[in-house]
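Student: I would like to learn how to read a model like this one. Where do we start?

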There are 2 protein chains.
Amino acid sequence: MPANMKLYSWYRSSSAWRVRIGMAYKGIAHETVSVNLLQGEGEQHSAAFHVKNPMEQIPVLELDDGSFRLTQSVAILEFLEELYPAPALLPRDMRLRARVRQFVEIINSGIQPLQNLKLQQTLTARGVDFTSLVQGFIETGLRALETAAAASAGTYLVGDHVTLADVYLIPQLHQSRLRGVDVEKFPLLRRVELACEQLPAFQAAHPNAQPDRPAA
Amino acid sequence: MPANMKLYSWYRSSSAWRVRIGMAYKGIAHETVSVNLLQGEGEQHSAAFHVKNPMEQIPVLELDDGSFRLTQSVAILEFLEELYPAPALLPRDMRLRARVRQFVEIINSGIQPLQNLKLQQTLTARGVDFTSLVQGFIETGLRALETAAAASAGTYLVGDHVTLADVYLIPQLHQSRLRGVDVEKFPLLRRVELACEQLPAFQAAHPNAQPDRPAA
C-alpha cells in the first residue's frame, strides 16, 4: 500500500468532492490539503500548486511523499478502485461497468467542464449571461442521465449497489441547484440522491462537513 | 463475443475518431453508420438518433442488434479494452494505467467539451469571439499535457507502447490546428503524433480515410 496519501481538495469543488466520496466509501486513510479556489487570484494558480498540476485544478492525489502524483477525478477514482477493490465502486458485470462509466462521463465531460469556474469567469468578463447558458447544459445532461438510468437503476443509478455513477451524481445535483436548475424535474435522480444521503460516506464527504468550510 | 457491432460516427468528429482508432488498433470488425453533425439542423438532433443518445452526440456503440448501446468515448474504449484485451491500450502497471487515464481526461474533460460544436454555436450566437476563447483552453490543456508527459513519454505519451492517451492526443492535435493553435509549441506532443501517424490503425481512422468524407 502507498504511504502518506494526500488529497488536495476544497470543500466547494465538485471534482474534489467526488474523490472525497470515493475515499470515504472505501475507508482510505489520507491527509486532506485545502486549496482555496477563490482566495486572492485562486491558490490553484500559485507557482507551488502549478507544479502539482499544470492544469491548476483540484483534485490532486499524492502518494509516497509526493513521488507519485495523479490528477483528474476519473483517473484518481479508477486508480483507487484498482488499489482498494473492496468495497467496489464498479460492478463486476462488464456491461454494467460500461454503463457506470458512461454515466460518469455524462457528468464529468458532458456537464462539469461547462459549469467550471474558469469558463464562468472568462465568459462573465465578456458579458455573457453565464447562468442561463450553464442551466441549458446542465438540464440537457441531467435529462440524458434521467432517461438512460431508467433502464439501469435500482436503489442507485446502476442497480442496488453504490457505483461511481452515484459518486458523480451527488455533487452534480448540488451544483445544479446552486446554478438555479430545478432538480425536481428529474425524479429518478432525486430518488437516488435521497438514498445516497443516507450513507455515512456521502455524509462525510459533503461540503458542509469539510474542515476548510468557513464558519457561516 | 457480441454480434453486429455498429459504430455511429462522423468523419470530422474528434470523439468518434478516438473510437475509430481504438477499434482499428484492436482489429474489431464492425459496421460504421454516418451521422452528419452539420446536415440541416444536425442529424444527431433527429428523433431517431435522440433515442440512441439523449445527449445527441456521437460516438454511439451498438451491440447485439442494438439491444446494448453505449455512449461516451471513454466508456466505449474502456469496454472494448475489457472485451478485446489484446493488443492492449492500457499498460499493465497500475500507476502507468492511472497516468494514461489522467492524460485521457486532460483531453476528454479538460479540453474537448470547451471546443465542442454546441458550445461554439451557442456562444457565437451570443456574439462571443469563440476562436480566441477556445484557443486559450486548448493551449492550457496541451501545455499541461506536454509538461506531464515529459516524465512518462517514450515513443508514445506513456512509454513505448500505444495507449489510450495517444488515441486521444491525435484527434486533439488535429482539432487544435483547425482552431488556429500553433501545435509546434508542443514538441513532445508533435513527436508522438509523428510516431502515431506511422501506424496503420491511426491511418485507417483518420478523417481523410472515412467513406463519409465528402469529395474535395
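Tutor: Start with one residue, and keep in mind that this is a predicted model. Relative accessibility under 20% means buried. A:Glu193 has 2%, so A:Glu193 counts as buried.

Student: Where is A:Glu193 found?

Tutor: In helix 8 of chain A, which covers residues 187-197.

Student: Which residues does A:Glu193 touch, leaving out those up to four places away in sequence?

Tutor: A:Ile170, A:Leu173 and A:Arg177.

Student: How do I read the spacing of positions along a helix?

Tutor: An α-helix has 3.6 residues a turn, so residues three or four places apart point the same way. Now take helix 8 of chain B, residues 187-197. Its buried residues are B:Leu188, B:Leu189, B:Arg190, B:Val192, B:Glu193, B:Ala195 and B:Cys196.

Student: What covers the buried residues of helix 8 of chain B?

Tutor: The cover includes three helices of chain B: helix 6 (130-149), helix 7 (164-178) and helix 9 (200-205).

Student: Let us step back to a whole chain. What is the pattern of chain A along the sequence?

Tutor: Count the elements, then read their order. Chain A has nine helices and four strands. The order is β-α-β-α-β-β-α-α-α-α-α-α-α. The radius of gyration of chain A is 17 Å, close to the 17 Å from the globule rule for 216 residues, so chain A is as compact as a globular protein of that length. The C-alpha trace of chain A spans about 50 × 45 × 30 Å along its principal axes.

Student: How much of chain A counts as buried?

Tutor: 57% of its 216 residues. Look at contacts too. Among contacts in chain A with a separation of 6 or more, 67% come from residues 24 or more positions apart.

Student: And the surface and charges?

Tutor: Chain A exposes about 8,700 Å², with 52% of that supplied by carbon and sulfur atoms. As for charge, chain A carries 21 positive and 22 negative side chains. The centres of the two sets lie 3 Å apart.

Student: How many residues are in contact between chain B and chain A?

Tutor: 44 residues of chain B contact 44 residues of chain A. Then read the area. About 4,100 Å² is buried between the two chains, and carbon and sulfur atoms give 65% of it.

Student: Which three residues supply more than any other three of the area that chain B buries against chain A?

Tutor: B:Met55, B:Glu82 and B:Arg95, with 16% of that area.

Technical notes:
Residues are numbered from 1 along each chain as its sequence is written. Chains are lettered from A and ligands numbered from 1 in the order in which they are written. This is a predicted model: local features need pLDDT of at least 70, side-chain atom pairs count only at pLDDT 80 or more; totals for chains, interfaces and linings use all residues. Side-chain values use heavy atoms; hydrogens and water are left out. Helices (H or I, at least four residues) and strands (E, at least two) are DSSP runs, numbered from the N terminus. The radius of gyration is taken over C-alpha atoms; the globule rule is 2.2 Å times the number of residues to the power 0.38. Buried means under 20% relative accessible area, exposed over 50%, partly exposed in between (1.4 Å probe, protein chains only). Contact means heavy atoms within 4.5 Å. Accessible areas come from the Shrake-Rupley method with a 1.4 Å probe; for residues, only the protein chains shown count as cover. Lys and Arg count as positive and Asp and Glu as negative; His and the chain ends are not counted. The place of a charge is taken as NZ of Lys, CZ of Arg, CG of Asp or CD of Glu. Buried area is the accessible area (1.4 Å probe) that two parts lose on being put together, summed over both.
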